[in-house]
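Some terms used for this structure rest on set cut-offs. The questions below ask what stands behind them.

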Amino acid sequence: MHSNSSQPTVAIAGGGLAGLAAACALSDAGFRVALYEKRPFLGGRASSYEHPGTGEVVDNCQHVLFRVCTNLVEFYQRIGVGDQIRWFDQMNFIEPGGRISVMKSSFLPAPLHTAPSFLHFPFLTGADKLAIARALVPLTLAAQRDNGQSFRHWLDQHGQTTNAIHRFWRPILVSALSEELDRISISAAAQVVRESMRSPQARQMGVPKIPLTDLYNAAGDYVRARGGDIHFRCSLESFITDEKSVQLRVADSEQTFDYLVASLPFDALARVLPEAPESVGLRGKIKHFETSPITGIHLWFDRQISNLDHAVLLDRTIQWMFHKSRLQPMRMQESLTLAMNVRSGHAREQYESTHAVKGADSETTRATEGGSYIELVVSSSKSLIDKSRSEIVEVALGEVREFFPAAREANLVKSAVIKEVNATYSPRPGIEAHRPGTVTSWPRVFLAGDWTATGWPATMEGAVRSGYLAAEAVVRSAGRNARFLSPDMPARGLMRFFP
Ligand SMILES: Cc1cc2nc3c(=O)[nH]c(=O)nc-3n(C[C@H](O)[C@H](O)[C@H](O)COP(=O)(O)OP(=O)(O)OC[C@H]3O[C@@H](n4cnc5c(N)ncnc54)[C@H](O)[C@@H]3O)c2cc1C
């Protein structure tokens, strides 16, 4: 697809958030886009699919965002799914036994807006709170440098109590960065704290109302509506490039484009780089990257186990509970309608073929009516990787029954465990220096991906930022100018004085 008209052509390799953001932005900028995705669906590490064991469409893992993710929020608006995100101001912390503490914004100006809730937390002592408040001052007021030491070391130097570390810092940062405190850089931890303190809106949490792939299919439609093509089950195998074009080997064919945006995970990129001197620097950087796992545990109960939409769970293996049947009631409704059709007999065949549950037991499907579907998330789930599915479900069920008394009477109808072994890159001390920018040694090849130098950790926001940065660089290379990156959320209250 080398340009023979005035419309420049661009190949995007990878249909995750980074590739989709670049594809949408470049379609808007008048480029002819061809996106190549290895798998049969869009969304990459933020996707949903039909789980073969349960017949349910599940997200690979619950994905949440915060209002401070300005590029992701803009991306959702651009592709027309902004109203598919439900926003929450309140965060619930639960202790084993079921005591709930709520964090929410107050009338106080940022960064003091959550201070009243924080001061009332019964699961922290006065000494814990004093220690946390002291540490929050430097983290909130100025960006911190990555000095090669871990955030755990920093906390020890800043007089944090054991309780403060285990019941405050760990739940917040391990979930945000999917890594243990002794493997997180100070700059990454400080960035999470500072961004969430910018304004009361910054910390509002967004949860998709629809499965992730439905959300991101809208980006595919957006590209197609602007003349672009999406090619599924098409892997970029290699590329060669010169001053004028890029030649790709994709799915056993050769295609020529004006530009390539490689929006691949770092290990996938390493596999397609040419054996050329220009690749040496990039390969050297990639060698420094490691990944960390995240495990999602999906449980379906025969009755309601809680009236909370979501909660942070303290002191146990499970870190978060998302009450999917409350967060995505439409999906539950669809599941119930299908279950009813199955029982009425006429649609059994259709149900079985679309949900991969040959011989679906109508007792089982009936049991989900009015029940709870929850997803439990364990970030940095190294302790679960070698455990079997049934061992993980047993741990999870035991813990759920500790936190939610109603679950003690409930029957587990079905379950699914999804281990994402290489979920996100590890934000280790020193890694920031190795994150490559979008521009490469090849004038026609650009990089995107959550692991590239975006200033953000491995998140959907980081991925979209990288896609927009790559799109801006492509447009610049074509001799024009375009701005796709959204401005950061403005600081409010007292935070305006600490830029
Ligand atoms: C379990 C889990 C939970 C998470 N939770 C959150 C969360 O709550 N909030 C949040 O913001 N972020 C979360 N993240 C992180 C977020 O999902 C990622 O940061 C983001 O989706 C990465 O997008 P990406 O486009 O950079 O990479 P990817 O999503 O990995 O996209 C790369 C794409 O390239 C494709 N590909 C690979 N090789 C080739 C090839 N040779 N040719 C063509 N295509 C190829 C892949 O199939 C993939 O679709 C989570 C991640 C995981 C795994």
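Q: How do the residues of the lining of the second largest pocket divide by class?
A: The lining has 13 nonpolar, 5 polar and 5 charged residues, where Ala, Val, Leu, Ile, Met, Phe, Trp, Tyr, Cys and Pro count as nonpolar, Asp, Glu, Lys and Arg as charged, and the others, Gly among them, as polar. The model is predicted: local features need pLDDT of at least 70, side-chain atom pairs count only at pLDDT 80 or more, and totals for chains, interfaces and linings use all residues. Numbering starts from 1 along each chain as its sequence is written, and side-chain values use heavy atoms, leaving out hydrogens and water.

Q: What makes the second largest pocket lie between domain 1 and domain 2?
A: Domain 1 (9-46 + 211-289 + 428-477) and domain 2 (106-202) both give residues to its lining, so the pocket lies between them. The bounds come from an automatic or database domain assignment.

Q: Which helix gives the most to this lining?
A: Helix H7 (residues 186-197) does, with 6 residues; a helix is a DSSP run of H or I, at least four residues, numbered from the N terminus.

Q: Why are H2 and H16 called roughly perpendicular to each other?
A: Helix H2 (residues 70-78) and helix H16 (residues 460-477) pack at about 70°. Angles of 65 to 115 degrees count as roughly perpendicular, and H2 and H16 are therefore roughly perpendicular.

Q: Which residues of H2 meet H16?
A: Thr70, Asn71, Leu72, Glu74, Phe75, Tyr76 and Arg78 in H2 meet residues of H16, contact meaning heavy atoms within 4.5 Å.

Conventions:
Helices (H or I, at least four residues) and strands (E, at least two) are DSSP runs, numbered from the N terminus. Axes are lines fitted to C-alpha atoms, for helices over the stretch in contact, and angles run from 0 to 180 degrees between N-to-C directions. Angles under 35 degrees count as roughly parallel, over 145 as roughly antiparallel, 65 to 115 as roughly perpendicular and the rest as oblique.
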